[in-house]
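Welcome! Take a look at the display, then read on.

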Amino acid sequence: MPTLLPLPPSAGKMKPSPKLQWFCKWLLARLGWTMHGEWPDLKKVVIIGAPHSSDWDVVLVLLVIQATGMKVVFMGKQEVFRMPIIGSIAKYLGGMPVNRAAPGGVIEQVAEQIRNAEQMWFALAPEGTRKEVKEWKTGFWKIAKQANVPVCCAYFHFPDKVIGVGQVFELSDDMDGDIAKIRAWYKPYQGRNRGV
């Protein structure tokens, strides 16, 4: 079986089907993936994953979530959650519906839900796309700042088939400086198609 990181006491946990959990562990091992690092023992955190350069990233994240029983939250268009089957699957996997047209915007909606939650690990890709970008989207920083939670860096390193969890950044008031430091931290890691 693959090396999976144990969840700390403060992590949210779901109850995956034992057969599905076993299958996801088996598949990660069969594909040769392992995990390095340590999850932070925090009740609330914004987890960012990079480099996001392939559809495989989402597949690997879903396998890790099911294999470990980790409960994470991600955002999706509210229209998706109205579809009977797809909406149910999205909710089961941790999807949070957001109204992109709402006053105050998506960032405030997500930050408010984190603030009001007893426990929430919120995850997103800072690049916002699989394509190479010169600048990261600033949404992850603004959500974490408004929710008053730190940012935890998770990464893919395809050459060694590693999914890792690394540094936790406490944010300052300097958004550009914080993002530059976080991007620099990711420099050693290589996604399927590129680095950061």
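A residue counts as buried when its relative accessible area is under 20%. By that rule, buried residues make up 46% of the 196 residues in this chain. Please keep in mind that this is a predicted model.

**Overall build**
- The chain has 6 helices and 7 strands.

**Size and packing**
- The C-alpha trace spans about 45 × 40 × 35 Å along its principal axes.
- The radius of gyration is 16 Å, which agrees with the value near 16 Å for a compact globule with 196 residues.

**Where helix 4 meets helix 5**
- Helix 4 covers residues 105-116 and helix 5 covers residues 139-147; their axes come within 8 Å and cross at roughly 40°.
- That angle makes helix 4 oblique to helix 5.
- The crossing of the two helices is right-handed.
- On the helix 4 side, the residues in contact are Ile107, Glu108, Val110, Ala111, Ile114 and Arg115; on the helix 5 side, they are Gly139, Lys142, Ile143, Gln146 and Ala147.
- By type, the residues of this contact divide into 6 nonpolar, 2 polar and 3 charged.

Key:
Residues numbered from 1 in each chain as written. Predicted model: local features only at pLDDT ≥ 70, side-chain atom pairs only at ≥ 80, totals over all residues. Heavy atoms only, no water. Axes fitted to C-alpha atoms, helices over the stretch in contact; angles between N-to-C directions. Helix = DSSP H or I, 4+ residues; strand = E, 2+ residues; numbered from the N terminus. Parallel < 35°, antiparallel > 145°, perpendicular 65-115°, else oblique. Left-handed = near helix turned anticlockwise from the far one by under 90°. Contact = heavy atoms within 4.5 Å. Nonpolar A, V, L, I, M, F, W, Y, C, P; charged D, E, K, R; others polar. Rg over C-alpha atoms; globule rule 2.2 N^0.38 Å. Buried < 20%, exposed > 50% of the residue type's maximum accessible area, 1.4 Å probe, protein only.
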